[in-house]
Amino acid sequence: MNDVFGNVHLGYVVVETRKFADWRRFGVDAIGMPVEHLDHGTMRFRLDDRECRFLLHYGPAEDAVAIGWHIDDHETFDRILARVVDRGVPVTEGTAEEAAHRGVERLWRFPGPKGLAQEIFTTPVVNPVPVKGFVTGEGGMGHIAVTSVEPHKVRGYYNTVFDARLTDYVDETISGVKLKIRFLRVNSRHHSVAVAAIGGLRLDPIRTRIQHLNIQVADLDDMTQAYLRVHQLGFGMALSVGQHTNDRELSFYARSPSGFEWEVGWNPVAIDESTWEPATYQGISIWGHTPVGQTVLDRLAQFKRAAQSLRAREETVPALSGPGIPDD
C-alpha cells in the first residue's frame, strides 16, 4: 500500500526572528514552555519529551520559515522523498548542526507552498526531563494555518506529498469579506494544515507565511491560565476565548512577537476514519473568538498587504501541487 496517511505528524516549526527577548517572555512566561539557548542566535522550546518543538534562529524574517514532519518509519520516509525527487523537485539533506538544533538524527528539506520549507525526519531525540500540560502524541504537536490565493494548489501539494485528506470546510464572513477555509488532516488530528482564501478574489492580507499555529493543552485550566498570563504580561490578544464549530476546540489566539497568531486550544475532536464525512460549517466559531485590539492602522496595513498581493505570484511548487484539487 502506497498511502502514507497516518504515518505523518507535525513535528516542529522553525521561526526566524530578531526578537529573542520577547519570544523568551512569550514562550516561557506566557505560554509555559521550557526553553533552551543553544548559542547566541539559536533558541528552542519544548512541549513534551522531544528536544525541540519550536526552533528560533536569529534573522530578519519575523516569520515561520520551515515546518518539520515526523515520519513513522524509514520505508514511509523513502516513499515520500521519492515522490518529491521523481517530480524533479530539489531536495537537500540537512547538516549535522541543523539536525542537532531540531532535535532529530537527520532530516531532508524541500520547497513548500508560500516559501515555507518542508522538512521530514524519522527519529526525534528524546529529553528525559518531563514536560507537563501539553498534548502531542500521535496527532503531532498541533496545526498550522495559511492564507492563500491558490488554495486548491496547497491542497494538491499536501495530497501529493502526504496523502492529506479533507476533513471539512468553514465558510465565514468577516467585515463583509467572504472566506472559505479548508481543513486537511494527515492523521487522526482533526487538521494539521488549514488553508484560508478570500472567496472570488486573489487577495492575501496576511504578511507572514503562516496566519497562525496551534498547540493543544491537557486541561481547561492550562488554557485559562495561559490566557491570563498573556494578558498580564502585555502581549497582544488577537481573538478572545471561543469554541470552533467544526473541531469543537476551545481556544484563544494571542499575537506572537513575530506577528503571526498563536492559538492555545483544548479538547478538539479526534477523527474516526470509519465514519467521518466532510461537511461545511457556517462560521468559524459557535461562540466567542471576538477580535481584540485591532486598530484602524491594523486594518489599513492588511488592506495594503492585500493590494500588494495582487501583483505578487504565490509560490505553489507546481511539480507537487499539480493542477490542484478543486473544492468538492
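Me: What covers the buried residues of H5?
Reply: The cover includes helix H1 (20-31) and strands E14 (212-217), E15 (237-244), E16 (250-255) and E17 (261-266). Contact means heavy atoms within 4.5 Å. Helices (H or I, at least four residues) and strands (E, at least two) are DSSP runs, numbered from the N terminus.

Me: What sort of model and numbering is this?
Reply: The model is predicted: local features need pLDDT of at least 70, side-chain atom pairs count only at pLDDT 80 or more, and totals for chains, interfaces and linings use all residues. Residues are numbered from 1 along each chain as its sequence is written, and side-chain values use heavy atoms, with hydrogens and water left out.

Me: Which residues in H5 are buried?
Reply: Met 223, Ala 226, Tyr 227 and Val 230. Buried means under 20% relative accessible area (1.4 Å probe, protein chains only).

Me: Where do they sit, seen down the axis?
Reply: Within an arc of 105°, so they line one face of H5. The arc is that of the directions from the helix axis to the C-beta atoms.

Me: And what follows H5?
Reply: Gly 234, with a positive phi near 85°.

Me: Changing topic: what is the strand order in the open sheet?
Reply: E2-E3-E4-E1-E5-E8-E7-E6, eight strands with mixed pairing. Strands pair if DSSP finds at least two bridges between them. The edge strands, E2 (35-39) and E6 (92-93), each pair on one side only.

Me: How do E6 and E7 pair?
Reply: E6 and E7 (residues 108-110) are antiparallel, over two bridges. Thr 92 stands opposite Arg 109 in E7.

Terms used: Buried < 20%, exposed > 50% of the residue type's maximum accessible area, 1.4 Å probe, protein only.
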